[in-house]
Amino acid sequence: MEENRQVFEADEDAYGGMNVHIKESMDSIKFIAMLRASISQWTNQGKKGVWIKLHIEYAHLVNDAVKEGFWYHHAEATYLMLVYWIPQTPHTIPANASHRVGIGALVINDNGEVLVVQEKNGTFKGTGVWKLPTGVVDEGEDICDAAIREVHEEAGIKAEFVELLAFRQSHKSFFGKSDLFFVCMLKPLSYNIQKQDSEIEGAQWMAIEEYAAQPFIKKHEMFNKIAEICLAKKENKYKGFSKVLMTSAFSTKRTYLYYSQN
């Protein structure tokens, strides 16, 4: 086959889309020729969406792809994902991930005290507010593991997951994305606090009643409700969701289902 009729190597997905593999650098002339030949072939074959994952070393091809009708879908540190819709109908390509996931950790020791921190940066900087350790769940990380990691990073406390107590959803937050925030209860396995100097101004064990009585906590409905849940949990008057590893109908990989085991 002539070079200008070469098509890109691609895998077909379960929805009639083609996932293109760019494995070598090329100039614009060759890229555009192969792209047009590929689109022509896939059009004749009745394919639908086309996905091109352009690694950062091939960034010089982005403008060429856009001129051929591709648009940005999402970007990560090392690549840009571009998409194209072949049929002359409204596209059904799913949007990029819509949510960021965060955690807050309620860690209660045997004395009924809760682990709290003051932050050096962000909204709480300089406010004097003592708050629960919080953080963002990493890609590929389970909610329960993120809570354990954040507590250890911020306060040097080793802990184990007990229950998922509550969660909230908000919108138009970080880069316009929606946000899911999960409040997790942990059991401490160590008690000597070693705070993270780069982000944490202070860390201590505090009576839950004192934490809940802070003016900032009492003033704001969401914080106050979480504090009420903490107090109820101390008195064993609140039941959260435990984690259980299970498989689904779509994968043999075991993942956590969180539910109340009464």
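Biologist: About 690 Å³ of space lies in the largest pocket of this structure. What makes such a space a pocket and not a cavity?

Modeller: The space is called a pocket because, on a 1 Å grid over the protein atoms alone, it is an open set of points with protein on both sides within 12 Å along at least five of seven lines, whereas in a cavity a 1.4 Å probe fits but cannot get out. The volume is the space filled by probe spheres set on the grid points, which are joined across faces, edges and corners. This is a predicted model, in which local features need pLDDT of at least 70 and side-chain atom pairs count only at pLDDT 80 or more, while totals for chains, interfaces and linings use all residues. Residues are numbered from 1 along each chain as its sequence is written, and side-chain values use heavy atoms, with hydrogens and water left out.

Biologist: Which residues line the largest pocket closest to its centre, and which elements give two or more residues to its lining?

Modeller: A lining residue has an atom within 4 Å of a point. The lining has 25 residues, and Phe124, Lys131, Thr134, Arg168 and Phe181 are the closest to the centre. Two or more residues come from each of strands S6 (99–107), S8 (134–136), S9 (159–170) and S10 (178–188), and from helix H6 (221–234). These elements are DSSP runs numbered from the N terminus (helices: H or I, at least four residues; strands: E, at least two). Phe124 also belongs to one aromatic cluster with Phe216 and Phe223.

Biologist: Why are phenylalanine 8 and phenylalanine 31 classed as they are for accessibility?

Modeller: Buried means under 20% relative accessible area, exposed over 50%, and partly exposed in between (1.4 Å probe, protein chains only). Phenylalanine 8 has 6%, and therefore counts as buried. Phenylalanine 31, with 0%, is buried as well.

Biologist: How do you know that lysine 53 sits over the ring of tyrosine 79?

Modeller: The rule requires NZ of Lys or CZ of Arg within 6 Å of the ring centre and within 35 degrees of the ring normal. Lysine 53 lies over the face of tyrosine 79, at 4.5 Å from the ring centre.

Biologist: How do you know that the length of helix H3 agrees with expectation?

Modeller: The expected span is 1.5 Å times one less than the number of residues. For the 13 residues of H3 (residues 143–155) this gives 18 Å, and the end C-alpha atoms are 18 Å apart. Buried residues of H3 include Ile143, Cys144, Arg149 and Glu154. Just after H3, glycine 156 takes a positive phi of about 70°.

Biologist: Which residues have a positive phi although they are not glycine, and are they buried or exposed?

Modeller: Lysine 172, in the loop between S9 and S10, has a phi of about 55°. Its relative accessible area is 71%, so lysine 172 is exposed. Asparagine 236, in the loop between H6 and strand S12 (242–246), also has a positive phi of about 55°. At 68%, asparagine 236 is exposed.

Biologist: What makes glutamine 204 partly exposed?

Modeller: Glutamine 204, in strand S11 (residues 200–207), has 27% relative accessibility and therefore counts as partly exposed.

Biologist: How is the chain divided, and how far apart are the domain centres?

Modeller: Domain 1 covers 10–85 and domain 2 covers 99–257, with bounds from an automatic or database domain assignment. Their C-alpha centres lie 41 Å apart. Isoleucine 52, found in strand S3 (residues 49–55), is buried at 0%; 54 Å separates it from aspartate 110, C-alpha to C-alpha.

Definitions and conventions
Rings of Phe, Tyr and Trp (its six-membered ring) pair if their centres lie within 6.5 Å; planes under 30 degrees apart count as stacked, over 60 as edge-to-face and the rest as tilted.
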